[in-house]
Amino acid sequence: MIARFKYSNPESESITTFFFEPERPVVFTAGQFIEMNLPHDTPDDRGIKRWFTLSSAPNHELVSITTRFDQQRSSSFKQALRALKPGDEVMISDPMGDFVLPKQTDTPLVFVAGGIGITPFHSILQHMAVTHEQRPIKMLVGVRNENDIIFQETFDDAHQHVTFIVSQASAAWGGERGRLSAELILGLEQPTDDTLIYLSGPEAMVETLYDDLVKAGFKKRQLVGDYFPNYSENY
């Protein structure tokens, strides 16, 4: 379907949210993703299509995506995305994916995000804040530095405490330092038969955490993964 660009909002120096008005209401479940088609001049070898998790919550008039930009090596797609002007059109698919909340509302949940992997959790928690839904959730987010901490207002609205782990922290940072690991996750929530752990971030990070958690005693059915291709950062 056609979606018209409305405006963008810088979340940090390197992260921006883009808002679009679809030609018809988009029905989706918080945590799902879309394919976006953005034709532009002289595309690089990665082409004119990308997959983005929707960072907006269902039932909003506009849909949004949130992405990171690298000033040194942004793709032609992301350069075209940044150059969009209000009214410019892109094509988006219907939302898809199963990185969504379980139907049983009392299931203990652990959300683990690395960098831009925070976006599906933003959609989920924003929706929970609007609907006043309550679930037992603990949340860990790994970032490179304090400037990469985003969406705090949404977490506050959802009354969701988030433990941020900063890998390249400044001397002034008073919170957790280091990288996401199975040990950190186990310290947050001991494995039980009904706990579900949601992992979202760069592919290598998600795969490493998945394998380490299985070795630590979690069953594969307890792990839900959503990885972001072409991101190589460690968190």
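## The largest cavity

The largest cavity is lined by I15, G115, I118, V141, V143, D148, I150 and F164. On a 1 Å grid over the protein atoms alone, a cavity is a set of points where a 1.4 Å probe fits but cannot get out, and a lining residue has an atom within 4 Å of a point. This is a predicted model, in which local features need pLDDT of at least 70 and side-chain atom pairs count only at pLDDT 80 or more, while totals for chains, interfaces and linings use all residues. Residues are numbered from 1 along each chain as its sequence is written, and side-chain values use heavy atoms, with hydrogens and water left out.

The largest cavity holds about 40 Å³ of space. A volume is the space filled by probe spheres set on the grid points, which are joined across faces, edges and corners. The count of cavities of 30 Å³ or more comes to one. The lining of the largest cavity divides into six nonpolar residues, one polar and one charged. Here Ala, Val, Leu, Ile, Met, Phe, Trp, Tyr, Cys and Pro count as nonpolar, Asp, Glu, Lys and Arg as charged, and the others, Gly among them, as polar.

## The second largest pocket

A pocket is an open set of grid points with protein on both sides within 12 Å along at least five of seven lines. The second largest pocket has a volume of about 230 Å³. Its lining is made up of 15 residues, and H122, Q126, F151, E153 and T154 lie nearest its centre. Two or more lining residues come from each of β2 (15-22), β5 (63-68), α2 (119-131) and α3 (152-157). Helices (H or I, at least four residues) and strands (E, at least two) are DSSP runs, numbered from the N terminus. By type, the lining of this pocket has three nonpolar, nine polar and three charged residues.

F151 sits in the loop between β8 and α3. At 9% relative accessibility, F151 counts as buried. Buried means under 20% relative accessible area, exposed over 50%, and partly exposed in between (1.4 Å probe, protein chains only). The phi of F151 is near 65°, a positive value in a residue other than glycine. Most residues other than glycine have a negative phi.

## The parallel sheet

An open sheet of six strands runs in the order β10-β9-β8-β7-β11-β12, with parallel pairing. Its edge strands, β10 (176-177) and β12 (223-228), each pair on one side only. Two strands pair if DSSP finds at least two bridges between them. Strands of a sheet pair through backbone hydrogen bonds, either parallel or antiparallel.

Strand β7 (residues 109-114) pairs with β11 in the parallel sense over five bridges, and L109 stands opposite L196 in β11. With strand β8 (residues 137-143), β7 pairs in the parallel sense over six bridges, and G114 stands opposite G142 in β8. Six of the six residues of β7 are buried. In a regular strand the side chains alternate between the two faces of the sheet. In β7, L109, F111 and A113 on one side and V110, V112 and G114 on the other are all buried.

## Two residues of β11

S200 is found in strand β11 (residues 196-202) and is buried at 0% relative accessibility. A polar atom of the S200 side chain lies 2.7 Å from the backbone oxygen of G117. Contact means heavy atoms within 4.5 Å. Not counting residues up to four places away in sequence, S200 touches residues including F99, V112, G117, F121, D226 and F228.

Y198 also lies in β11 and counts as buried at 2% relative accessibility. Y198 and V224 are 26 residues apart in sequence and 4.7 Å apart in space, C-alpha to C-alpha. Leaving aside neighbours within four places in sequence, the contacts of Y198 include F99, L109, F111, F121 and V224.

## Residues in other elements

T119 is found in helix α2 and is buried, with a relative accessible area of 0%. Beyond its neighbours within four places in sequence, T119 is in contact with T53, L54, S55, T66 and F228. T16 belongs to strand β2 and counts as buried at 13% relative accessibility. The C-alpha atoms of T16 and Y227, 211 residues apart along the chain, are separated by 19 Å.

N59 is found in the loop between β4 (49-53) and β5. N59 is exposed, with a relative accessible area of 72%. The phi of N59 is near 75°, a positive value in a residue other than glycine.

Conventions
Polar contact = N/O pair within 3.5 Å; in protein donor to acceptor, adjacent residues only side chain to side chain.
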